[in-house]
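Q: Please take a close look at one part of this model, the place where the two chains meet. Which residues and elements take part there, and what kinds of contact are found?

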Amino acid sequence: MKHLELLKELQSIYAERYGLTIITTDSSGQLLVEKGGKNELCKILYESFVKQVKENVKRNWQFRTPVFYDIWPGIYTIVTPIHIEGGHTYMLWAGLFIEEDTAEFVKKQLSQMDITQRDWDLILANTPEITQSNREEILHANRKLAALIELCLKESEGQNLFQLQNQLFQQAFTTKNDMEALFHDFISIYQTFDFFGLASKQQGDTYEVTHIVGENTATFQGVQFVPGEGFLGRVIITDERGFLDNANQDPRTLMFRQSLESQPKSLFACPIKQQNGEKAVFFGGSFTNSRISKTSQELVKMIAAIAEVRLQMDMLQSEQYQQLNRLTALIEICKLMAITPDVKRIIYILVDISLNLVEGGFSCLVLHDKETDNMNVVSRGNWKGHMEEYVKDAAKRYQLENRKQYQPEAATPHVHEVSWGASIIECPLIYRDQLLGILCVGTTNQSNQVIEKHANFLQTLAIIGGVSLQLASRGEENYLDQQVNTLFRAIQQFDNETFTQLEKATNMAGEFATKQGLAVPMIKAIVQACQLSYYSASFLEETLQDSHISMIVQEAKILMDQEYSIKWEETSVPAQIVALTLSYTRNHSIEDLKQKSGNTTGLIESFTAFINETQIQEDQISLKEEINIEKKLHTVSTTIKELNLSPREQEVLDLVIQGFNNKQIAEQLYISGHTVKNHVTKIFQKLNVPDRAHAISKVYQMRQNSS
Amino acid sequence: MAQKELLPLQMECTMLFQSNPYMTKTIEEVANMLAKPIEDVKPIITLLQKQGIIEDVGDPVKPLYRYKEPAVMTKLSTTGDVK
């Protein structure tokens with residue numbers, strides 16, 4: 001409060017010296033301290049004087065130096081505005097004066113006023129006069145007094161800095177306004193600056209003014225600059241705050257001069273960091289103050305920090321909103337993929353949605369065809385002629401053809417830089433430990449942070465895609481299996497003999513193909529082609545769309561047809577196997593095919609060896625089986641049945657005797673290990689034995705006794 | 001930013017065309033089907049066309065949009081060429 005005492009003292013001294021009454025008010029007309037001085041006229045008119053001051057203080061006083069103001073006709077006061085940094089304005093009122101040789105006129109004026117009659121002559125004689133000679137002196141004295149009061153009040157403002165900071169902080173963090181509203185708040189609280197703005201990075205290296213708040217500054221919105229250009233661009237390079245006094249005389253403020261009506265007299269710019277690591281520039285300035293004081297610099301630092309936090313908060317909120325959007329979209333896609341039974345549709349979803357999301361211009365899904373060992377690629381966008389080269393490279397890198405076993409944790413996305421200037425996010429599609437394919441999505445000119453976000457989303461998409469693809473393809477396979485099975489069983493209804501023959505051929509083809517070490521899908525195709533060889537290839541093509549069966553059947557039939565002279569090596573291995581097994585089961589000979597092949601193929605030799613071997617084995621097996629079955633019937637099975645065990649316990653005991661452990665028994669009987677354990681315990685109790693060895697021994701003893 | 005906020009609608013629009021590959025519709029019809037304002041759907045249609053997911057099969061007076069199937073390459077061997 002010392003500054004106010006000082007202010008009061010100053011008022012009194014000056015008032016005494018010049019015979020005036022002096023008051024200092026704030027911008028609402030409130031007196032800061034008690035009046036000083038004992039001006040007689042003012043003493044009489046004081047209440048009216050204060051009332052007049054309160055009314056007049058609301059005027060927009062633009063001047064900065066003392067002026068005479070006739071508060072009543074012929075009765076003057078000197079008004080001096082005191083502009084304190086930080087936006088506060090105070091007014092110094094010093095009076096009352098009359099002009100030289102106007103006492104009579106003022107006397108008339110006073111007598112007309114609603115006040116008690118006085119000895120106006122005496123009072124006016126004691127009232128200071130404004131004359132040509134003393135005018136300048138009086139104004140000068142007021143100027144000096146105003147300067148002293150300004151110093152006092154500055155001191156006071158300094159003490160209020162903490163309060164002001166608090167106010168700014170509260171405004172910044174308690175309101176939910178956007179950045180521009182926040183700038184408005186700053187301007188209204190701290191009136192030293194007339195505008196605040198924000199410039200952030202756009203495409204390439206260009207920065208653009210994205211926010212600007214302040215009277216007559218809208219034209220500055222959208223102004224662009226590059227790092228190093230002008231006052232704002234310099235801050236980007238130096239990464240240091242800049243304060244510019246007398247900015248209207250500085251060549252670095254050209255962009256302000258070109259875009260704004262009024263020229264800023266002082267400017268500041270602060271680099272701030274955004275959430276994505278990019279820099280932004282927070283700036284502001286004043287059209288009236290040509291100097292930024294230390295106090296203002298401190299406040300600018302604080303406001304910049306608030307703006308930085310606010311910007312990061314806004315970005316986090318926006319990011320959160322985006323994530324929510326992505327999650328919503330992902331849920332919808334998952335739902336769609338879960339109900340889509342079509343493999344093709346799922347592939348299209350993966351390719352299209354990944355392009356939707358990343359907007360990098362190109363995407364593809366590379367899938368390994370287990371049957372042909374080739375790659376199938378579904379692609380979108382402009383690969384600039386590099387797709388084939390890239391797909392081959394990716395397939396090699398991921399060892400797609402080797403059917404490498406993948407651990408689920410290996411299914412993480414990887415960003416691959418290609419020589420033709422693009423980054424491609426690669427997400428393996430894995431089902432259990434099998435690599436089904438790779439989802440490859442191109443990115444262009446995107447920051448690592450953005451790519452990482454995309455990669456996470458794509459990984460989720462690839463995981464769901466992998467499972468959906470596997471389930472859908474199984475569904476399709478099952479549907480095909482059902483169709484094949486129905487067609488095969490139909491043969492039995494109208495031609496049982498052929499059905500039996502085809503059944504035999506099918507078993508033989510399956511065994512032979514397995515022995516040849518062919519891939520499982522190929523063996524399956526051979527077996528199904530054998531089963532359906534009764535039908536014409538064209539009928540099968542119509543009925544079983546997207547299947548290789550019709551092609552195998554057609555080739556096999558051509559091979560077996562005497563009239564066609566197709567070369568053996570021109571046909572596929574599955575067709576050759578089907579032809580061999582069908583010929584053998586029909587004619588018990590493959591001589592025709594031997595001739596057609598020109599006896600040059602190892603497959604026919606292998607098949608001949610297979611037939612010979614199978615026949616011997618069949619004989620051996622039949623003999624063995626007879627002996628075993630007979631022995632079993634007379635021994636273990638009968639003995640077990642004689643025991644007081646439930647049918648399930650009998651089954652379990654049979655397997656125990658065969659040497660199966662609990663886990664193997666569980667697998668055999670499709671029951672849990674825990675259930676097996678229960679059965680075994682009960683068996684032990686019923687047989688009154690402590691363990692397996694005793695149980696087995698007891699069964700054999702009983703068998704011995706009964707035989 | 002605005003585009004990212006429209007991502008769910010963008011995906012919804014993609015799925016609409018993908019589910020109906022033979023459908024040809026105007027922007028107004030698409031907006032109607034998605035129950036969204038035309039001004040929201042318009043930039044999305046432009047974007048999808050740019051991405052090659054849909055194509056304009058109409059005329060300048062009445063643009064009609066249809067799903068464009070992605071390119072499919074089969075039997076690409078890692079050792080040889082496309083068969």
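A: A polar contact here is a pair of N or O atoms within 3.5 Å, where, within protein, one atom must be able to donate a hydrogen and the other to accept it, and where residues adjacent in sequence count only if both atoms are side-chain atoms. With that rule, and bearing in mind that this is a predicted model, the interface of chain A and chain B holds 14 residue pairs in polar contact, both residues of each pair being at pLDDT 80 or more. Across that interface the rule for salt bridges, by contrast, finds zero.

On the side of chain A that touches chain B, the elements that give two or more residues are α9 (294-339), α10 (343-358), β13 (374-381), α11 (387-397) and α12 (448-494) of chain A. Of these, α10(A) provides the largest share, with nine residues. Sorted by class, this side of chain A has 16 nonpolar, eight polar and 10 charged residues.

As for extent, the contact takes 34 residues from chain A and 33 residues from chain B, and the two chains bury about 3000 Å² between them, with 55% of that area on carbon and sulfur atoms. Within the area that chain A buries against chain B, A:Tyr348, A:Asn356 and A:Arg380 supply 20%, more than any other three residues.

Chain A exposes about 36900 Å², of which carbon and sulfur atoms supply 48%.

Key: Residues are numbered from 1 along each chain as its sequence is written. Chains are lettered from A and ligands numbered from 1 in the order in which they are written. This is a predicted model: local features need pLDDT of at least 70, side-chain atom pairs count only at pLDDT 80 or more; totals for chains, interfaces and linings use all residues. Side-chain values use heavy atoms; hydrogens and water are left out. Accessible areas come from the Shrake-Rupley method with a 1.4 Å probe; for residues, only the protein chains shown count as cover. Contact means heavy atoms within 4.5 Å. Buried area is the accessible area (1.4 Å probe) that two parts lose on being put together, summed over both. A salt bridge is a side-chain nitrogen of Lys or Arg within 4 Å of a carboxyl oxygen of Asp or Glu. Helices (H or I, at least four residues) and strands (E, at least two) are DSSP runs, numbered from the N terminus. Ala, Val, Leu, Ile, Met, Phe, Trp, Tyr, Cys and Pro count as nonpolar, Asp, Glu, Lys and Arg as charged, and the others, Gly among them, as polar.
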